[in-house]
Amino acid sequence: MSKKVSKIAILTSGGDAPGMNATIRAVVRTGVYMGLEVYGIMRGYSGMMEDDIFQMDSRTVANIIQRGGTILKSARCREFYTEQGRRQAYENLKKRGIDGLVVIGGDGSFTGAMKLQNEFGLPVIGLPGTIDKDLYGTDFTIGFDTACNTAVQAIDKIRDTADAHDRLFIVEVMGRHAGYIALHSGIATGAETILIPEAATNIEDVISSLSEKEKRKKLVNIIVVAEGDAFGGANEVAKIVRERLPNFDTKVSILGHIQRGGSPTCIDRLVASRMGYHAVEALIEGKSNVMVGIINNEIVYTPLEVAIREKDSVDENWLRIVKILAS
């Protein structure tokens, strides 16, 4: 391989996701092994602008593969939206001779990475660090599996208390633009109904299904709602259900940021390690402005613009499975 870079930097940006630390570890250790200097940037693009950058080695990433969050921290940075802010950030990289950048984050983070590439010619590689699995060009995003498992554990506990009192629980999980956490965790916990942004919610169908279950004396029910469902979140759904089906003892549980934390699962550690390694390899091979993804267990490289713009559609068979298994 012909080496195109000699000094690379890594940052985490946007919402945190379990497995980000495992990704940082993979990038740093691969870079060092390949003979590169590796730098960490604190607090995403904010740290790049503020020159909060330090050199990393294998010891700086010891004992972090199992930790949630990100040792590099994350932050939003409005100043980076301006050309002047981006130039200041780039100059901080340039004075250190940094000639490659790995960005772990979602669509907003990738947008910033593209601007650095387009405006200053800095080679950038994106790694999909988002629990929502809302980027095109990969079957896995870093943190998604852990978030799903966290939701499953919580919903299992909610079903226990629902069963004890014959209650209907409406559980809201994260997913503003993508319903994959709701879909996966809902199927895995036997939810009676799953509401996601990708499929139009017919509240009449929900009411009809619950009415039919009431006639069968099935009073323990779980509805899983993605926060970005077009009808509204769990509270909006609960409002209608209480009005139309007053006999149900209806409760709402919003899982919230518990889904972002915790030790990453084995799958997320493997995904993070594999993607981190290939990010460094891609920079060395001269690739740029692409996201590393995994499709059908193969590493693929998708242009950042495409990864942001395109959206995966949810296979209708998944929704059919939900309906049949909840009957």
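Student: How many bridges join strand 10 to strand 11, and do they run parallel or antiparallel?

Tutor: In this predicted model, strand 10, covering residues 290-295, is joined to strand 11, covering residues 298-303, by six bridges, and the two strands run antiparallel. As one example of the pairing, methionine 291 stands opposite threonine 302 in strand 11.

Student: And what do strand 10 and strand 11 form, with how many residues between them?

Tutor: They form a hairpin with two residues between the strands, and asparagine 296 in that turn has a positive phi of about 50°. Asparagine 297, which is placed in the loop between strand 10 and strand 11, also has a positive phi, of about 65°, although it is not a glycine.

Student: Is asparagine 297 buried or exposed? And what about aspartate 166, buried or partly exposed?

Tutor: Asparagine 297 has a relative accessible area of 54%, so it counts as exposed, the cut-off being over 50%. Aspartate 166 has a relative accessible area of 42% and is therefore described as partly exposed.

Student: OK, new topic: helix 9. What should its residues span, and what do the end atoms show?

Tutor: Helix 9 has 19 residues, 266-284, which at 1.5 Å a residue should span 27 Å, and its end C-alpha atoms are 28 Å apart, so the two values agree. Just after helix 9 comes glycine 286, which takes a positive phi of about 95°.

Student: Which residues of helix 9 are buried?

Tutor: The buried ones include Asp268, Val271, Ala272, Met275, Gly276 and Ala279, and the run from His278 to Ile284 also belongs to the buried set. Some of these turn up again around leucine 127, which touches Met275, Gly276 and Ala279, among others.

Student: What else does leucine 127 touch?

Tutor: Leaving out residues up to four places away in sequence, its contacts also include Thr23, Val27, Val102, Val103, Ile104, Phe110, Ile142 and Val292. Leucine 127 and Ile181 are the residues with the most contacts inside the largest nonpolar core, which has 61 residues. Apart from that core lies another, of 28 residues, among them Ala9, Phe80, Leu101 and Leu122.

Student: You mentioned Thr23. Where is it placed, and what does it touch?

Tutor: Threonine 23 is placed in helix 1, residues 20-33. With residues up to four places away in sequence set aside, threonine 23 touches Ile10, Ile104, Leu127, Ile142, Ala272 and Gly276. Its relative accessibility is 0%, so it counts as buried.

Student: And valine 61, where is that found?

Tutor: Valine 61 is found in the loop between strand 3 (53-56) and helix 3 (83-94), and at 0% relative accessibility it counts as buried.

Student: Last one, the whole chain. How many helices and strands are there, and what radius of gyration does it have?

Tutor: The protein chain has 11 helices and 11 strands. Its radius of gyration is 22 Å, which agrees with the value near 20 Å that a compact globule of 327 residues would have. The C-alpha trace spans about 70 × 35 × 35 Å along its principal axes, and 53% of the 327 residues count as buried. Of the contacts between residues at least 6 apart in sequence, 76% join residues at least 24 apart.

Definitions and conventions:
Residues numbered from 1 in each chain as written. Predicted model: local features only at pLDDT ≥ 70, side-chain atom pairs only at ≥ 80, totals over all residues. Heavy atoms only, no water. Core = buried A, V, L, I, M, F, W, Y, C linked by side-chain atoms within 4.5 Å. Buried < 20%, exposed > 50% of the residue type's maximum accessible area, 1.4 Å probe, protein only. Contact = heavy atoms within 4.5 Å. Pairing = 2+ DSSP bridges. Helix = DSSP H or I, 4+ residues; strand = E, 2+ residues; numbered from the N terminus. Expected span 1.5 Å × (residues − 1). Rg over C-alpha atoms; globule rule 2.2 N^0.38 Å.
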